[in-house]
Amino acid sequence: MSMVRRPGVLRLAPALTVGILLLPIAAGLVGTLLPAFGYLPAIGGRTFNLDGWRRLADYPGFGTSVAITIGTGVLTSALAVILAFGCCASLHDRPWMRRLGAWVAPILSTPHSAIALGLAFLLAPSGWIARALSPWLTGWILPPDVATVGDPAGVALVLGLLLKEVPYLILMIVGALNQVQARAHLAIARALGYGPAEAWLKAILPQIYPQIRLPIYAVIAFSLSVVDVALILGPSNPPPLAVLAVRWFSDADIQFYFPAAAAAILLLLLVIGIIAAWRGFERCAMLVGRRWIARGGRGGIATTAATMATLLFGVTFALSVLAIAGMAVWSVADQWRFPDALPQAWSLANWMRRFDGLAGPAWVTVVVGALATGVALCLVLACLENESRGHRRPGAAALWILYVPLLVPQVAFLFGAQVLLVRMNLDGTLAAVVWAHLIFVLPYLFLSLADPWRAFDPRYAQTAASLGASRMRVFFAVKLPILLRPVLIAGAVAFAVSVGQYLATVFAGNGRVATLTTEAVTLAAGADRRVIGAYAVAQTLFPLIAYVGAVLLPALLFAHRRGLRGHQ
Amino acid sequence: MRVRTLAAAVALAALSVAVSAQNLDWNDIVAKARGQTVNFNAWAGDEKSNAFIQWAAQEVGRRYGVTLVHVKLKDTAEAVTRVVAEKAAGRNAGGTVDLIWINGPNFLAMKQQALLFGPFTQALPSYARVDTTTIRSNVIDFTIPVDGMESPWRRAQIVFVYDGKRVTNPPKSVAELLEWAKKNPGRLTHPSVRNFLGATFLKQALWELAPDPAALQRPATDDNFAAITAPMWTWYDALRPYLWRQGRQLPENGPAQRQLLNDGEIDMLVSFNPAEAAVSVHAGLLPDSVRTVVFARGTIGNTSFVAIPYNAAHKEAAMVVADFLLEPATQAHAQDFRQMGNFTVLDFAKLSPDEKRRFDELPKSPALPTNAELGTTVLEPHPSWMTRIANEWEKRYTK
């Protein structure tokens with residue numbers, strides 16, 4: 001590579017990144033929108049009509065399905081926001097608050113489906129909690145006939161989503177806190193006589209809200225359109241809209257493509273509508289909140305409420321840990337029946353016997369994750385390096401573009417994108433799956449890496465340049481080593497995102513690329529729980545290894561350089 | 001109508017390939033198959049079947065140099081959709097689905113839309129041993145003539161598995177089942193009616209209760225559907241409040257239902273595999289107190305097949321796999337309840353003594369029904385009944 005060409009190549013990076021993100025989404029949306037209105041010549045839809053919508057509306061459970069979708073989605077989002085705010089408000093002055101990120105990271109890196117599988121076993125009437133309390137406390141010899149998982153109202157689904165969405169929001173808040181002068185403002189508020197939680201809610205929250213607005217919208221979109229968790233924990237007759245769309249997309253009767261596409265587009269409209277409503281709610285909350293703050297009351301219920309929220313977060317955190325623990329126990333169980341709190345017989349046979357079955361998907365998971373992370377890392381580093389070489393810093397529009405994959409329901413574009421892949425003869429290939437993962441990996445990687453990268457002290461680079469180092473050398477010999485820790489952690493986050501992808505893998509892989517997550521969700525429908533346990537544990541393990549590696553590697557590499565072991 | 005023209009063109013193309021397949025010498029097919037990869041699209045909800053396919057993959061790899069890849073499906077319809085999508089995208093050759101575990105409605109859909117390669121079964125040497133006279137489901141798949149477009153590999157018949165510790169006098173008809181459920185509320189369920197097993201549970205009741213069961217062998221019509229199914233719906237309405245979760249929640253499929261029995265949430269389950277109890281006890285998936293009961297007047301049974309899509313990239317290797325699945329040694333291995341426990345599709349009269357001995361030497365289990373207990377196999381109704389029942393059920397009970 002010549003010195004002359006390089007800046008040009010770098011300058012292309014943002015456009016390339018945006019293209020990789022938006023092209024499949026745009027094509028996919030068109031590919032869903034047209035069939036929603038009857039146009040899909042390949043299966044006989046040659047005129048535009050509303051038949052798909054009519055069939056969707058005629059589905060017996062249509063109203064309930066929409067109600068469940070909105071109900072569970074809004075409830076999850078609202079609870080996640082309340083718990084995350086309350087938690088940060090009441091814990092912010094604890095010394096270990098800064099380490100909270102490190103605590104929730106393993107939960108965040110665990111795929112949704114693994115936690116959902118564990119939670120399903122935890123909560124079932126014949127599940128772990130009931131087993132631990134029976135019969136000595138409950139008197140149950142047989143499990144009670146109560147719906148605690150897959151309940152028609154979707155309570156289990158809301159809980160399952162909260163386990164992951166609350167830690168996610170907390171991490172986003174902790175990140176946003178670094179952007180404002182939290183410590184100073186809190187000190188002033190405390191000096192004015194506000195309790196700790198009150199001070200945080202009144203002085204800090206209004207400042208950081210603009211920065212966590214997009215993450216909250218992402219939570220809304222995700223909760224409304226999630227498929228894998230809903231398949232495991234949600235109601236099934238009727239299911240939420242996203243599950244209904246996926247069910248119809250894969251129906252033997254191809255005529256179901258039309259109502260499926262209509263359902264997917266309706267879901268997109270619901271997401272847009274509810275985010276808009278939330279935006280309106282923000283305005284109201286701002287007015288009310290301003291009055292609340294201006295009134296200057298001290299010692300209100302804020303502190304109690306925040307403590308409650310923290311306790312609830314503690315419960316969800318414990319449930320997450322227990323969920324994975326339950327799966328781990330199952331993976332080494334031989335026989336384990338109600339009401340025994342632990343297996344009657346233990347066995348390593350599940351792991352030995354399943355090794356062949358597990359090894360293939362595990363290998364694919366690692367390869368796809370590594371490729372998607374590697375490509376994303378190159379693109380993001382190129383974008384950031386291009387930015388720091390004096391080209392202007394991207395504005396709010398760029399941030400929205402990054403969030404598009406997290407805001408548009410996956411079902412609304414993945415089917416359309418699949419048709420595109422088939423036409424390109426790429427469906428079912430590893431490349432297609434890597435590309436599909438890239439759509440979701442890129443935003444997370446960029447968002448985790450951008451702040452530390454932008455915080456890099458330019459004087460290091462200037463010093464190196466003044467000593468005669470080329471830009472390339474400055475990048476590789478100075479910047480990367482100093483920023484190695486955040487780069488690796490962002491990589492670990494990206495890898496975890498890839499490991500957790502279900503729908504993207506199924507559609508792009510055309511069902512032929514099996515990862516631990518697709519296998520686990522396929523098995524979730526009822527296969528041997530000992531096997532499900534093994535898959536859930538494997539699903540948890542790989543992202544965890546990546547994360548621990550990201551934390552330990554700089555310390556090992558720079559054992560002799562204290563400054564680079566990284567605490568920034 | 002462009003679509004119909006397309007379908008006709010595809011059908012013609014499939015026909016020409018079929019002719020060449022019939023003319024091909026089996027040795028040529030085996031030679032061509034060597035080195036090919038077969039993407040076997042098969043429902044993957046059952047661990048034992050998955051393990052069997054893994055074993056088959058090793059065997060065909062070793063013996064024929066064919067790489068068998070199990071493309072795991074949640075629902076067979078996914079594979080049909082895939083072939084439809086490929087046809088839609090104009091991929092009429094080099095398709096990604098080589099072999100599908102199929103029967104009934106999915107077979108009908110693919111046969112009607114000319115998405116299948118064949119007839120090919122006459123080219124398979126092992127097909128000569130298939131029971132085509134007493135096991136009618138081997139040649140009539142849900143009332144649809146097979147016409148050599150799919151090759152049988154395993155049989156299914158409705159049985160009920162119950163926990164012998166909790167159920168002493170198991171019901172022997174759907175009417176007795178209702179009485180039992182009333183006495184034991186919340187202790188029986190059935191898979192979702194979207195699932196073939198759940199739909200078959202209703203079909204069993206339909207066959208036992210219908211005023212004219214013979215009508216089920218013809219397509220359902222708007223005129224006769226309501227009258228013929230009315231007694232079945234009356235029965236189900238009476239049963240539903242006594243089902244697990246009052247019937248408002250249903251397990252997605254058979255294995256999920258089995259998990260409920262293992263968890264002690266229910267006492268009895270419907271199964272399509274007569275060896276389900278024996279297989280599951282051996283695998284530690286059910287307590288060893290489970291036993292099997294078959295309804296007195298007979299139960300619905302069918303055959304599972306493998307079919308090759310018209311655009312499959314590796315038809316030769318797919319045929320080699322189809323033939324391998326019919327070899328007596330393979331069938332005996334499949335019938336062993338320590339493996340998969342599937343009753344064979346072969347005719348014992350057509351087997352050599354050596355081949356027959358493989359079946360005689362299979363292990364026994366108290367959870368296994370005898371051939372006499374299995375009784376008469378009732379033929380599957382026309383697929384239109386299942387489709388209509390599923391739709392009607394959705395209309396009645398999805399709220």
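**Notes on interfaces and packing**

1. Chain B and chain A bury about 4400 Å² between them, with carbon and sulfur atoms giving 48% of it; buried area is the accessible area (1.4 Å probe) that two parts lose on being put together, summed over both. This is a predicted model, in which local features need pLDDT of at least 70 and side-chain atom pairs count only at pLDDT 80 or more, while totals for chains, interfaces and linings use all residues. Residues are numbered from 1 along each chain as its sequence is written, chains are lettered from A in the order in which they are written, and side-chain values use heavy atoms, with hydrogens and water left out.

2. To this contact (heavy atoms within 4.5 Å) chain B brings 52 residues and chain A 56 residues. The count between the two chains is 5 salt bridges, a salt bridge being a side-chain nitrogen of Lys or Arg within 4 Å of a carboxyl oxygen of Asp or Glu. Asp427(A) forms a salt bridge with Arg91(B), and their closest N and O atoms are 2.7 Å apart.

3. Within chain B, an automatic or database domain assignment gives domain 1 (2-137 + 305-366) and domain 2 (157-301 + 376-397), whose C-alpha centres lie 28 Å apart. Contact between these domains of chain B involves 17 residues of domain 1 and 14 residues of domain 2. The area buried between domain 1 and domain 2 of chain B is about 1300 Å², of which 71% comes from carbon and sulfur atoms, and the count of salt bridges between them is 0.
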